[in-house]
Each structure stands twice: as structure tokens, then as C-alpha cells.
Amino acid sequence: MQRKQAGRKGSEAVDELAVSMKHVQKYFGGIHALEDAKLELKKGEVLGLIGENGAGKSTLMKILSGVYHADKGEVTVAGKAVDYRTPREALEDGICMIYQELNLMDKLTVADNIFIGRESGKGIFLRRRQDRARAEELLGRFGLSIPLDIEVGKLTVAKKQMIEIAKGVSYHSKVLIMDEPTAALAVREIQELFGVIRQLKREGVAIIYISHRLEELFEITDRITVMRDGKYIDTMETSSSTMDDLIKKMVGRTIVWKKKEKSRVLPNAPVVLEAKNMCSKDIQDISFVLKRGEILGLAGLMGAGRTELARLVFGADYRLAGKIFRDGREVSIKTAADAVACGISYLSEDRKGNGLAINLSIEDNIALPNWDEFAQKGILKRRKMRFAAEQAAASVAVKMPSVSGLVRNLSGGNQQKVVIAKWLLKNSEIFIFDEPTRGIDVGAKNEIYKLMEGLIDQGKSIIMISSEMSELLRMSDRILVLCEGRLTGELDIAEATQEKIMEYAVMRSKTS
């Protein structure tokens with residue numbers, strides 16, 4: 001009798017699983033991307049999936065969603081063994097993956113995007129009114145108010161994210177995989193997304209939630225699975241886990257960070273950059289100075305004008321008014337080339353779109369700002385370029401097979417290092433880091449922080465834009481706070497707190 005009861009419990013446990021992956025292996029060439037990986041997802045739960053870049057998270061999920069085929073292992077969905085060969089097969093079986101880079105057609109309407117390829121009727125007999133009603137009903141389930149006839153390209157990233165989710169749900173998906181869904185969202189937008197996730201959970205949808213923002217996991221997940229070096233490490237109940245637990249399991253070591261207690265800038269440090277009365281369509285009369293050996297943090301909420309100010313200094317956007325001084329001398333910076341000539345480099349928050357030529361090799365990317373040095377009289381000195389690229393890559397510890405490899409095959413952290421390497425080779429003195437660790441895991445973050453501190457030790461200076469309070473408080477010597485295109489506060493790190501930063505970050509809203 002006891003034996004039968006035990007068997008019944010085991011059967012119930014299996015029935016509870018939406019997905020089971022066991023002993024999964026995947027090779028790319030000679031590289032072992034996954035080794036005996038596993039994952040279990042219960043029906044109606046939110047499972048966090050975390051790990052450093054290169055841990056195997058994306059590869060495992062691409063196997064589940066039919067993008068890759070496992071070299072070995074067992075995958076079951078709702079108790080049925082599956083072997084997907086295409087994303088379409090997985091989608092038809094209720095498995096939908098929503099990527100960080102959203103897959104929508106900007107020139108089509110919201111309704112058209114949701115049902116693209118599955119419209120009611122055919123050819124000239126398309127029933128657009130019927131599809132519009134279906135889309136309205138779908139968005140209404142989650143309390144979303146989005147105009148259905150507007151072109152998707154005119155919507156915010158947050159609204160596009162919701163449309164991607166609605167599109168996935170429209171396939172009657174039983175499993176949704178979300179890859180860094182909050183990477184470009186503000187706090188209010190994140191809460192709206194979480195509301196949608198909770199509604200999906202109530203409807204019995206199982207969700208795999210991949211994120212480098214560990215604090216979010218404690219708010220939205222039920223359990224958390226950790227991977228490292230292509231292997232399964234552990235699965236923990238969120239309610240009984242701590243941030244330290246997650247970090248230690250992710251990196252295999254303890255990483256400790258604390259707020260910087262005082263500025264490292266020397267009292268008599270010279271001013272290397274001064275901006276006076278900077279104005280543009282987004283920036284209103286902002287002035288500041290940057291000293292040698294200083295990390296100047298730029299804080300503010302989404303839309304505060306941090307990136308716009310940085311682009312103005314770098315000459316990437318049109319300046320209506322204002323002056324820029326380098327080492328006390330006024331300089332004319334009207335283009336990015338002018339800024340580079342003044343020893344200023346800019347590391348964009350969109351490293352794939354603006355920081356890298358993603359389909360070129362690592363050495364080509366590092367050499368791009370230094371092309372004149374390697375291409376003389378129409379002849380490319382490839383050997384000289386390769387040696388310089390290897391030296392620059394080694395100086396920032398890029399993990400790669402060789403500099404001839406494509407930069408797109410590197411992890412996010414290593415791609416960021418390549419961007420730093422190319423500007424080091426250019427011998428820049430001032431670095432503007434815009435969201436330097438966005439989309440980068442906690443271990444790689446630590447490496448980027450060490451690189452930044454190494455630049456400061458060399459006497460260089462950094463302007464750092466970050467949406468992460470912990471990053472600002474750990475790295476900055478001084479913090480400027482912006483709100484709605486205005487400078488609303490300046491804090492020495494010794495007096496800076498999250499509360500003070502937030503007070504300045506909403507100051508303009510309070511007074512308007």
C-alpha cells in the first residue's frame with residue numbers, strides 16, 4: 001500500500017512538470033557549451049535562470065525552443081519526449097522564447113504584429129477587423145491599453161515588450177522564456193511587466209525568467225536555477241535564498257562589494273574636462289567639471305538626459321549652446337571625430353549597435369579607430385594590426401580563441417572589453433562609459449570594474465552613466481543627478497546615498 005502511494009506521488013510530480021531537461025550536451029566545434037545540463041520547470045511557476053555570460057543559459061533555452069539541436073540528452077514537455085528541429089515546431093507545441101532583441105516589424109501595426117502570418121482570411125479577404133478584435137481582447141486580459149492601429153516603431157521599448165508577450169500568448173503558449181525582459185525598462189514599466197507575468201502565472205503558464213538583475217528574481221520568481229560553465233549547479237527556492245547565495249553559486253567564489261567611502265581624487269588634481277552651459281533640445285544649461293583620476297557618475301531616471309549629455313560632450317548630437325574645455329583650453333567638438341582627436345572616447349550603452357561592428361573580427365574592431373596607423377598608402381599592415389590588437393586585448397583580458405574570431409561570438413562582458421581595448425589602443429585620456437555593465441553577469445561586472453579602476457590608476461578619467469544605484473555608489477568619486485534634462489544635484493561620494501540620489505532624480509517632477 002505504501003509502495004503504491006509513493007508511486008502515485010511520483011506520478012503527480014511528473015505531471016506537475018511543464019518541462020524537464022536532463023543530461024543535455026551541446027558542442028560548437030571543439031567547445032563544450034553544455035555538459036550534463038538539466039532544468040525542471042513546473043506548471044504555473046516563474047523559474048529564474050541565472051549564470052555568468054557563457055554559463056550556457058541561452059544555449060539551453062535555444063535547445064528548448066528549437067533553435068539548436070542537442071547533441072545528447074532528454075527533453076520532455078508536459079510529460080512527452082520531444083526533439084524539436086525548428087522554432088516553429090516548438091512554438092506549435094506551446095514553447096515561446098521572447099528575446100532581449102525584440103522581434104517586431106516597426107512599420108506594421110500592433111494588431112498586425114501579433115497575428116503576422118496567422119491572419120484571419122487570406123489575400124484580399126483578410127479580416128482585419130476580426131484580427132483587431134482578437135488583439136484587443138488579448139491585451140485586455142492583461143489590462144494593457146495600447147493603440148492597436150499605431151505602428152509598432154512609434155512605441156516605447158516597454159510597450160513593444162508587452163506586444164511580444166501578447167504575441168507569444170496568442171499561440172496558446174504553455175511555456176514562455178523571457179531573456180533579459182527588463183534590460184531597457186524603467187522602474188514603473190518593470191512593475192507593469194511583473195503584473196503581466198503574475199497574470200500569466202495565474203492562468204497556468206510556466207515562465208523561465210533569465211536576468212542579470214538579481215534583485216528582480218526575489219520579487220517575481222518561485223525558484224531559481226543556477227548554471228556555471230555549461231553545467232547545472234543548483235535549484236533553490238527563492239524564498240529561502242539570499243543574494244550572496246546566488247552570487248557564490250554563479251561564480252564559484254564570493255564577490256563582495258561595498259559603497260566607496262571617500263573620493264580617490266587628489267585634492268589638487270587638475271581639471272581635464274569642463275563643460276559650460278551645455279544646451280540641446282534635450283539638455284538645459286548644464287555645467288560640470290571632470291578631474292584627472294576621477295570617476296564622475298551620472299545618475300537619473302529614464303529620460304533624465306544622461307545619455308543625451310554624454311553624446312553632446314562627445315559631439316554625437318547637435319549642441320545649441322555651450323562650451324567645452326580640455327585641460328583649460330577651449331576646444332571645438334562638433335563631431336565624434338573631434339572628440340576622439342581631443343582624447344575622448346565614448347562606450348555606448350548599445351555596444352552591439354554603436355560600439356562594435358558585430359560581423360567583423362575582434363582585431364578589426366580594435367583597429368577601427370586606429371585605421372590610419374595600420375593602413376598606409378592603401379596597404380593594410382595586417383601583421384602589425386594583429387600584434388597591436390593582441391596586445392590591447394590581452395591588456396583587458398578578453399577571453400577568446402584568437403583575435404581573428406568574430407566579435408559576435410563573444411559573451412557580453414568580453415564584447416565590452418573589446419570596446420575598451422580599441423579605445424586604449426587609441427590612447428584616450430577620457431572615457432565615457434554609458435551603462436558599462438548592462439546585460440553583463442555579476443562576475444564579468446567585477447572584471448569591468450577592475451578595468452575601470454585600472455584606467456584611473458593610469459591617471460585617466462571616466463564619466464560613468466548607470467541606472468544601477470549599487471554601481472554608482474561603488475565606483476563613483478562624485479555623482480551628478482539629472483532630471484528632465486536639468487542638473488538637479490551634485491554629491492560627493494562620502495555623502496551620497498540611494499535616498500539622496502532619488503530625491504534629486506525626481507526633483508524636477510516635484511517642482512513642475
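Helices (H or I, at least four residues) and strands (E, at least two) are DSSP runs, numbered from the N terminus. You're looking at a predicted model, where local features need pLDDT of at least 70, side-chain atom pairs count only at pLDDT 80 or more, and totals for chains, interfaces and linings use all residues. Residues are numbered from 1 along each chain as its sequence is written, and side-chain values use heavy atoms, with hydrogens and water left out.

**Stop 1: an open sheet**

Select β2, β1, β4 and β5, in that order: these four strands make an open sheet with antiparallel pairing. Now zoom in on β4 (residues 72-77), which is joined to β5 by two antiparallel bridges. Show T76 and you'll find A81 of β5 standing opposite.

**Stop 2: a hairpin and its neighbour**

Move to β14 (residues 321-326) and β11 (residues 271-279), an antiparallel pair with five bridges. Here C279 has A321 of β14 as its bridge partner. On to β15 (residues 329-331), which is antiparallel to β14 and joined to it by three bridges. R326 is bridged to R329 in β15. Together β14 and β15 form a hairpin with two residues between them, and D327 in the turn has a positive phi of about 55 degrees.

**Stop 3: a covered strand**

Select β13 (residues 295-299). Is this strand mostly covered or mostly open? Mostly covered: five of its five residues are buried, where buried means under 20% relative accessible area, exposed over 50%, and partly exposed in between (1.4 Å probe, protein chains only). I295, G297 and A299 point one way, while L296 and L298 point the other.

β13 pairs in the parallel sense with β20 (residues 461-465) over four bridges, and G297 is opposite M464 there. Its pairing with β21 (residues 478-483) is also parallel, over four bridges, with L296 opposite R478.

**Stop 4: the cores**

Among the residues it touches, beyond four places away in sequence, are G297, A299, L472 and I501; contact means heavy atoms within 4.5 Å. I479 is one of the residues with the most contacts inside the largest nonpolar core, which has 70 residues. Such a core is a set of buried Ala, Val, Leu, Ile, Met, Phe, Trp, Tyr and Cys residues joined through side-chain atoms within 4.5 Å. Apart from it lies another core, of 49 residues, including L104 and I247.

**Stop 5: two crossing helices**

Finish with α15 (residues 382-395) and pick A388 in it. A388 is buried, with a relative accessible area of 14%. Leaving aside neighbours within four places in sequence, A388 contacts F374 and L425.

Definitions and conventions
Pairing = 2+ DSSP bridges.
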